[in-house]
Amino acid sequence: MIIFRYLAREVLSSMFAVSLVLLMIIISARFVNYLAEAATGKLDAGVLLTLMAYRLPAYLELILPLGLFIGILFAYGRLYLDSEMTVLHACGMSQKRLVMFTTASSLVVAIVVGLFSLYLGPEGVRASEALLAEQRSRTDFETLKPSRFHNLDGGTGTSYAESISEDKKQLRNVFMAKVSPIDTSVDYEQEQQREVDLTVVTAESGETVIDEGSGRKYLLLKNGRRYIGIPGDVDYRVVSFSQYSQMLPEPDYAVKPKRFTDGLTTKSLFNENTAAANAALQWRFSMPVLVMVVGFLAVPLSRTQPRQGRYAKMLPAVILYMVYLVCVNAARGMIEENNEPIVGTLWVVHLGFFCLGLLLLAEKRFVFRKKTILKRGQAGGVA
């Protein structure tokens, strides 16, 4: 039991450190993308942390298996390098017992990953998609910052508001200017003679309203003036108004399409009789299995000689893990593309890599026995 606690502490502490580093890298990269969208007005800066919190379970679902795999390689590699594992084997701990101890630690991680993949991950994806959908429904005027000029309609206009209410609905001292687009279908001589209209609107206040019939959003300006004319010409038309309504354009912000099944609950996937739902369901149940298999694979891959160094087998092991993950993802894609669900595709991949782990263990055991027999033979010859 003391040895088990020692090995489990070494493995889990290494896994925690590796997973934390990987999580920071992924979160930083994703946060930079969200921050760039917030800088352009596509996202509200106030929802960035909430959005990252919703996505956290889905990130951990993929990070923890890799963290466990590398953590075992780090922990056991150090024990082999410091000859601690040699001492443990000399004290009677067999390779079989080492695998059992590692499996027990992997089982704890598998339960956590299963919780993420079956429950928390889909909930986070659904909440993040709802939040992004809310952000996509915002208009250009709902992304305004007070006392700043903002582009409208792809740069054809500009707007300014001295102050904005907290709910982004009420504007004070509004200024808008827009140039009518040039008709590029005419020839060059006609285009040279074409005059471009400039429309400038000022108002004391403004608010966004929704038409109950069509559901479209409008900007309702109050107590202002509208100037229409040609730049460089003093002949402007000036119209005073108490209320002026202008239809707001639909936002052009769109999110990359994702699998719609990622946001469905596990119970809903059971009721869905489609290949995509079946693939997503198998994927969620296969993530804990992947944890157990990579934990099993890491045991023979972590065995190193003192002269080789701790990181001698790190690169081949990581490449093997990436191949494993690509094969699992490819199997999911095959299930989604077929009209009839293929029940065993994902599990064949898991079984194949589990058999690979058995082969690696058998090879290490054969080499260990061969070296023992040679040492005994040399000792008998000397005697």
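Rings of Phe, Tyr and Trp, the last represented by its six-membered ring, are paired if their centres lie within 6.5 Å, and a pair counts as stacked if the planes are under 30 degrees apart. The close-up views below are taken from a predicted model.

View 1. The structure holds 6 aromatic pairs, and one of them is formed by phenylalanine 69 and tyrosine 321, whose ring centres are 5.6 Å apart and whose planes stand at 25 degrees, so that the pair is classed as stacked.

**View 2. The packing of helices α1 and α2.** Helix α1, which covers residues 2–39, packs against helix α2, which covers residues 48–81, at an angle of about 145 degrees and with the two axes 5 Å apart. The crossing that α1 makes with α2 is right-handed, and the residues in this contact divide by class into 30 nonpolar, 4 polar and 4 charged.

**View 3. Arginine 30 and the ring of tyrosine 34.** In this view arginine 30 is placed over the face of tyrosine 34, at a distance of 4.3 Å from the ring centre.

**View 4. The surroundings of serine 286.** Serine 286 is located in helix α7, a helix that spans residues 275–301, and its relative accessibility is 0%, so the residue counts as buried. When residues up to four places away in sequence are not counted, serine 286 touches Val328, Leu346, Trp347 and His350.

**View 5. Asparagine 173 and its positive phi.** Although asparagine 173 is not a glycine, its phi is positive, at about 55 degrees. Asparagine 173 lies in strand β3, which runs over residues 170–179, and with a relative accessibility of 39% this asparagine counts as partly exposed.

**View 6. Asparagine 223 and its positive phi.** For asparagine 223, a residue other than glycine, phi again takes a positive value, near 55 degrees. The strand that contains asparagine 223 is β5, made up of residues 217–229, and at 40% relative accessibility asparagine 223 counts as partly exposed.

Definitions and conventions
Residues are numbered from 1 along each chain as its sequence is written. This is a predicted model: local features need pLDDT of at least 70, side-chain atom pairs count only at pLDDT 80 or more; totals for chains, interfaces and linings use all residues. Side-chain values use heavy atoms; hydrogens and water are left out. Axes are lines fitted to C-alpha atoms, for helices over the stretch in contact, and angles run from 0 to 180 degrees between N-to-C directions. Helices (H or I, at least four residues) and strands (E, at least two) are DSSP runs, numbered from the N terminus. A crossing is left-handed if the near helix is turned anticlockwise from the far one by less than a right angle, and right-handed if clockwise. Ala, Val, Leu, Ile, Met, Phe, Trp, Tyr, Cys and Pro count as nonpolar, Asp, Glu, Lys and Arg as charged, and the others, Gly among them, as polar. Rings of Phe, Tyr and Trp (its six-membered ring) pair if their centres lie within 6.5 Å; planes under 30 degrees apart count as stacked, over 60 as edge-to-face and the rest as tilted. A charge sits over a ring if NZ of Lys or CZ of Arg is within 6 Å of the ring centre and within 35 degrees of the ring normal. Buried means under 20% relative accessible area, exposed over 50%, partly exposed in between (1.4 Å probe, protein chains only). Contact means heavy atoms within 4.5 Å.
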